[in-house]
Amino acid sequence: MRHPIVLLCAIFACLISASALADEGMWTFDNFPTATVNQKYALHIDQSWLDRVRGASVRLTSGCSASIVTGDGLVLTNHHCVRDCAQQLSNATTDYVKDGFQVAKREDEKLCSGMQADVLAAISDVTDRVTKAASGKTGQDFVRARDAQIAAVEKESCAGKEDKFQCQVITLYQGGQYKLYTYRKYSDVRLVFAPEGMTAFFGGDPDNFNFPRYDLDCSFLRLYEDGKPAKTPDHLTWSTAPPKEGEPVFVAGNPGSTQRLLTADQLEGLRDLALPETLIQFSELRGRLIRFSAESAEHSRIANDLLFGIENSFKAFHGEEKALVDPALIATKRAADNDLKAKVAANPALAAEIGAPWTEVAKAQADYRALYLPYYMMEVRAGIGSDLFRFARVLVRAATEKSKPNGERLPAYTDSRLALLGKTLLDPQPVYPELEQVTLEYWLSKLRENLTANAPGTKAFLGKDSPEALSARLAQSKLGDPAIRKTLWDGGIAAIQASDDPMIKFVLATDAASRAVRKQYEERVSGPIDRAAQKIARARFAIYGTNVYPDATFSLRLSYGKVEGWTDTGTSVTPFTYYKGLWERATGQFPFDLAPRWQTAQAKVDPATVLDFVSDNDIIGGNSGSPVINAKGEILGAAFDGNIESLGGAFGFDDRVNRTVSVSTAAITEALRNVYGDLTLVNELQGRSH
């Protein structure tokens, strides 16, 4: 049976140095194990190589990664990273997600509303400053003191250059380090090219997180500055050569979140509560969206992007759950916890400094279980899938938070983050009342179900309304109009309080309840756990040293590995698929049907071109769109998935079976030239004049 079991040694691999046997780790660029990699693969990677790759790597606010591939700001990413942009640009008669997007000239490239591209320019250590600010504090006081210092660092560091830079303090090692990442930001990001949805996601959900794959999961964006294509001298060199088996490769991207450094008690909380509840909720929402989509072609179009995201997340979380229910994983993690505790106890000075943080984490689990549902239903996942609720909450909270000193605000509303928040709020984007009603009704019904009808939180949100009646009224909000949003954003609290918009009035009436449960959670759960995690991190550094990699935090990382297949229940899986296999796999029926232009393209492309390939690089969600780079700094592909076994990568890594799945640049070039006829784009990629 194939499932993402994490081997017993995987957890321990997080605790040892870069000389680990596996090609493991999502390494920060200021702590990459260059010497180890060079020795293992006989390479000559140096600081200039790292700087060039860093300068060409991109983080997208769509939750994806990307890379700059020409000097005129051309960016390669995955198709599923621009689906939201393509859907926003579509309408009832033009569907860019289904039919693809292509332009004849640069003037026709279209703005992706709400999207920002970040390129990491510098890293500096601010650990002492942040930890000292919160030293000696507990509960919510700890959270607020830490967050206030982070806000101060971010504001000071980008003062006077906010128009081009964004400063963000990144938490590493569960609070063991705080690093200031200074990003060069591009707020004008435009869509250049996207293939048809069925070409990018050939095989659909059945093939998702599997291999072999036959997906052209790629798209191109362009960075603009002052209305013109940005000049980007730091870019990767485009390769049309196929990857080779055994070739060393690197993946530069922004992995979203891993939990490899959590304690066994925390993993049990994920296994017993968070993941099961998430899977139930996503499964039910998926069912409602499928039913809605079946009602008409237009419903199918407008729900497509949200449904795609829910289905993809559901499958990923399901894989994580399968890993966690394996008793060996928790047992191995508890053994690792005990090993570290024993080493701390054997050092009296260290033991006196560290105390008993594992006990503090364990004690907080009872409050975590008690507060999880109200916190997530009323705060973290409130309004899940609803743009109207998101707009209203941002407007209401921004109006309140901006009146406070910077250090006393909620983190999302500090001065350093307001520009991006305003962009995601004010950029024009379509809103569909009928879809809004579906998502709002679902959320409100689950809130009542999970909190119970008599709970104060339920009464605060629903009053005497039913989810059906309230969602129908809220879906009539006018916040879909960007001009109305801008008026409320600029007007501040006076305009908010004077508004008669039903969603604004709803958030005004319920925000106190949301903030109250957030306060409880910080006081009883996140505060104690974050404080304890800092101590555990100090213990880990003292015992194992600093030559280890941190958990993923949607910040730039670099992994290393090689192009390599694997063995699945005794069967060898080769690392490549080829264009010829696309037509062999096509059935003419969803999800193995071909887009119209591909139905007649077989004779136009070289059947021996590598389409997709796998490598043993260590990645996780958020790495979608990451460049796969060879030792020369050439881009060979873009990562778009992992295999089924990789889904347990949230908790550990096994290089024998965990694989990164990528689309090759050779396949992209072949398609652009011979299927889409886009010689202008091909010439730009290959360094020729356009």
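The second largest cavity holds about 60 Å³ of space. It belongs to a predicted model in which 10 cavities reach 30 Å³ or more. Helices α7 and α21 both line this cavity, and the two helices also pack against each other, with axes 6 Å apart. The largest pocket, at about 730 Å³, is a separate topic below.

**Second largest cavity**

- The lining consists of R144, D147, A148, A151, N406, G407, E408, R409, L410, P411, R518 and E522.
- Helix α7 gives the most, with four residues.
- By class, the lining holds six charged, four nonpolar and two polar residues.

**Packing of α7 on α21**

- These helices pack at an angle of about 70 degrees.
- That angle makes α7 roughly perpendicular to α21, because values of 65 to 115 degrees count as such.
- From α7, the contact draws on G139, Q140, D141, F142, V143, R144 and R146.
- From α21, it draws on K519, E522, E523, S526, G527, P528, D530, R531 and Q534.
- Eight charged, five polar and three nonpolar residues make up this contact.
- R144 and E522 take part in the helix contact, and R144 and E522 are also among the residues lining the second largest cavity.

**Packing of α10 on α14**

- Helix α10 spans residues 264–294, and helix α14 spans residues 357–380.
- Their axes come within 9 Å and cross at roughly 10 degrees.
- The crossing makes α10 roughly parallel to α14, because angles under 35 degrees count that way.
- On the α10 side, the contact is made by D265, Q266, E268, G269, L270, D272, L273, A274, E277, T278 and Q281.
- On the α14 side, the contributors are W358, V361, A362, Q365, Y368, R369, Y372, L373 and M377.
- This contact divides into 10 nonpolar, five polar and five charged residues.

**Largest pocket**

- The volume of the largest pocket is about 730 Å³.
- Its lining has 24 residues, and R83, V97, S300, N304 and F590 lie nearest the centre.
- At least two lining residues come from each of α4 (83–89), α5 (96–99), α8 (197–200), α9 (204–207) and α11 (297–324).
- Helix α11 gives the most, with eight residues.
- The lining has 10 nonpolar, eight charged and six polar residues.

**Backbone features**

- F590, one of the residues nearest the centre of the largest pocket, is joined to P591 by a cis peptide bond with omega of about 0 degrees.
- P591 sits in the loop between α22 (579–585) and α23 (596–599).
- Another cis peptide bond joins F211 and P212, with omega of about 15 degrees.
- P212 is placed in the loop between α9 and β10 (219–225).
- F209 also lies in the loop between α9 and β10.
- F209 is not a glycine, yet its phi is positive, at about 60 degrees.

**Confidence**

- The average pLDDT of the chain is 95, and 97% of the residues score at least 70.
- Residues 1–20 stay under 50 in pLDDT.
- For residues 1–20, the model has 58 contacts beyond four places in sequence.

Technical notes: Residues numbered from 1 in each chain as written. Predicted model: local features only at pLDDT ≥ 70, side-chain atom pairs only at ≥ 80, totals over all residues. Heavy atoms only, no water. pLDDT = per-residue confidence, 0-100. Contact = heavy atoms within 4.5 Å. 1 Å grid on protein atoms, 1.4 Å probe; cavity = no way out; pocket = protein on both sides within 12 Å on 5 of 7 lines; lining within 4 Å. Points joined across faces, edges and corners; volume = space filled by probe spheres on them. Nonpolar A, V, L, I, M, F, W, Y, C, P; charged D, E, K, R; others polar. Axes fitted to C-alpha atoms, helices over the stretch in contact; angles between N-to-C directions. Parallel < 35°, antiparallel > 145°, perpendicular 65-115°, else oblique.
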